[in-house]
Amino acid sequence: MSRSAGAIDPSDVSATSRLRADLASRILNLLKDQKAEPGHRLVECELCRHFGVSRTPIRGALQLLANAGTVEARANRGYVLLHPVREAPEPPALTEQGEEDRELLVRIARARNSGLLPDECSQQEMVRHLDVTMATLLRVLRQLADLGLVERKPGKGWIFLPAIDSTRAQEESYAFRRVVEPAGLLAPTFELDWQWLERSRAQHQSFRKRRWRDTLAVEFFQMNADFHEQLARCSGNRYLLGAVQGQNRLRSFLNYHWVHGVPRVIASIEEHLAIMDALADGRNDRASQLMLDHLASSSRTFSPMAPSPKRPA
């Protein structure tokens, strides 16, 4: 019996990383939103830019979709869509291994932020510092490599790629974002993605009700990064989108190790929801001002001495 288009075999999901399975679901949602027809070509480099990841996880996600009968590899054409995507699944539920991986992500972020892990270190050094098995460490390092946060050296060493790692860098990042992101909401090419908006609104409302634990910082950052990235995508400006994607990568470790308390998590969610409400009402000028306020309040959370933005007269 053939599987329905878009279905992913659970055995396939268990054999690959959560990132690839999550990307497969996100690609399906993208194809559904685009109302893509059979024969639609999936371009690796475009998907990499869209989701802000490297080619390796994209290829893994496309292979999952090929195994499910949704896409097919064609000679010299990459992958093409075989059937319209009418329904797209939610990303797979977090497994016990997935929770273990998130715990290690938080510990790596804490070690990096405190200076315990240098820019370059061997696998054995990380095993000792983090008190973790080699198998778990390598699994998580591969995920970080897919996200563009680490890079493997020849041999058994790893390099942590540049990140926001000082108060000055944080302040400069937020100053840059306060210039770029509010302006994107006012761009003449801005076009709101209503389907994304409703999904994101529901995700924020659901997350707000959850009981906090340290590993939720990873999911909170993913939701936060998606919010800012998708609004940049709606601007219709590829350079603005690239800038926001770059900032998301640079601030990953700071957010994985969340030390700013639950009240700031709730406040950030409320600020995101207010921006979405303003956009839904067609009040992009109001949404732009709310984005400026949101970035200013976030900046003061990370850098308490950061100045408040001046409101227009």
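A residue is buried when its relative accessible area is under 20%, exposed when over 50% and partly exposed in between, with a 1.4 Å probe and protein chains only. At 1% relative accessibility, His 204 therefore counts as buried. The model is predicted, so local features need pLDDT of at least 70 and side-chain atom pairs count only at pLDDT 80 or more, while totals for chains, interfaces and linings use all residues. Residues are numbered from 1 along each chain as its sequence is written, and side-chain values use heavy atoms, leaving out hydrogens and water.

His 204 lies in helix 9. Helices are DSSP runs of H or I with at least four residues, numbered from the N terminus. Contact means heavy atoms within 4.5 Å. Not counting residues up to four places away in sequence, His 204 touches Met 223, Phe 227, Ile 269, His 272, Leu 273 and Met 276.

The buried residues of helix 13 include Ile 269, His 272, Leu 273 and Met 276. Its buried residues pack against helix 8 (167–185), helix 9 (194–208), helix 10 (216–234) and helix 14 (284–302). Gly 282 follows helix 13, and its phi is positive, near 80 degrees.

The axes of helix 8 and helix 14 come within 8 Å and cross at roughly 170 degrees. Helix 8 is therefore roughly antiparallel to helix 14, a term for angles over 145 degrees. Axes are lines fitted to C-alpha atoms, for helices over the stretch in contact, with angles from 0 to 180 degrees between N-to-C directions. Among the residues that meet are Tyr 174 and Arg 177 in helix 8, and Met 291 and Leu 295 in helix 14.

Technical notes
Helix = DSSP H or I, 4+ residues; strand = E, 2+ residues; numbered from the N terminus. Parallel < 35°, antiparallel > 145°, perpendicular 65-115°, else oblique.
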